[in-house]
Amino acid sequence: MLQLINLTKTYPTPQGPLHVLDGIDLHLAPGESLALMGESGSGKSTLLHLAAGLDTPDRGDVLLEGQSIAALSEPRRAELRRQRLGLVFQQFHLVPSLSVADNLTLQARLAGREDVDWAQHLLARLGLAGLNDRYPEQLSGGQQQRLAIGRALAARPRLLLADEPTGNLDEAAADQVLDLLRELIEESGCALLLVTHSVRVAGPLDRCLHLQRGRLAEAGP
Ligand SMILES: Nc1ncnc2c1ncn2[C@@H]1O[C@H](COP(=O)(O)OP(=O)(O)OP(=O)(O)O)[C@@H](O)[C@H]1O
């Protein structure tokens with residue numbers, strides 16, 4: 001489903017080149033959930049951005065369902081993202097001028113994959129059904145985060161990439177959002193690559209890998 005092949009990324013800095021990713025290989029199976037952990041600055045967000053085709057590696061390639069991202073032009077990469085990927089970041093990136101219902105279906109509509117029944121189901125499951133006509137600024141942080149998750153799942157992506165999706169929430173709200181996220185992922189058969197600092201968050205996922213000095217290692221017991 002997702003394959004990272006020898007991904008290498010170096011940033012130029014005033015102190016010289018910073019080797020963030022040093023030949024990363026990773027294979028994620030359909031429906032599999034994987035936590036990516038590692039110290040601050042170890043390159044987790046960099047890896048996620050490369051996997052989403054939002055940035056390009058110095059070497060290596062990303063295959064999404066066998067399709068090489070490196071071989072695509074930027075517009076075709078954006079189309080692939082719309083069709084196959086859901087993205088959830090720590091900042092919610094909701095559109096302030098759109099209602100809850102319109103925010104949720106925005107990506108699905110752009111991808112030509114709007115499914116009214118699935119959108120209603122997501123709104124209900126995410127506890128947002130009564131809030132359809134509200135605007136993002138009228139929601140709590142937890143509600144905004146749930147809406148961002150709903151939006152990412154509305155087009156039924158094959159893979160959800162999530163960067164600290166509960167980083168802004170207190171523990172109780174974070175647990176609730178993560179339980180929902182896992183349930184919805186299972187319902188839709190979507191794979192998950194989730195960046196987190198939290199062992200509690202990583203624990204229930206199928207696999208956990210640590211990023212350290214540019215390489216991936218299986219997490220110990
Ligand atoms: N555009 C850039 N130019 C130069 N250095 C960068 C750039 N983006 C990231 N870095 C550096 O690359 C390293 C990895 O950053 P990245 O954001 O991927 O780490 P992270 O593991 O996600 O960190 P955190 O857990 O703090 O979010 C950091 O040292 C960061 O300062």
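Student: Which residues in α5 meet Val100, Asn103, Leu104, Leu106 and Gln107 in α3?
Tutor: This is a predicted model, in which local features need pLDDT of at least 70, side-chain atom pairs count only at pLDDT 80 or more, and totals for chains, interfaces and linings use all residues. Residues are numbered from 1 along each chain as its sequence is written. Helices (H or I, at least four residues) and strands (E, at least two) are DSSP runs, numbered from the N terminus. With contact set at C-beta atoms, placed from the backbone, within 7 Å, the α5 partners of these α3 residues are Leu147, Gly150 and Arg151.

Student: At what angle do the axes of α3 and α5 cross?
Tutor: α3 covers residues 100–110 and α5 residues 141–153. Their axes (lines fitted to C-alpha atoms over the stretch in contact, with angles from 0 to 180 degrees between N-to-C directions) come within 6 Å. The crossing angle is roughly 35°.

Student: Which are the edge strands of the open sheet of six strands?
Tutor: The order is β6-β7-β8-β3-β9-β10, with mixed pairing; two strands pair if DSSP finds at least two bridges between them. An edge strand here pairs on one side only. That describes β6 (85–88) and β10 (215–218).

Student: Which residue in β8 stands opposite Ser33?
Tutor: β3 (residues 33–37) and β8 (residues 191–195) run parallel and are joined by four bridges. Leaving out residues up to four places away in sequence, Ser33 is among the residues touched by Leu192, along with Leu34, Leu160, Ala162 and Ile185. The residue opposite Ser33 is Leu192.

How values were computed
Contact = placed C-beta atoms within 7 Å.
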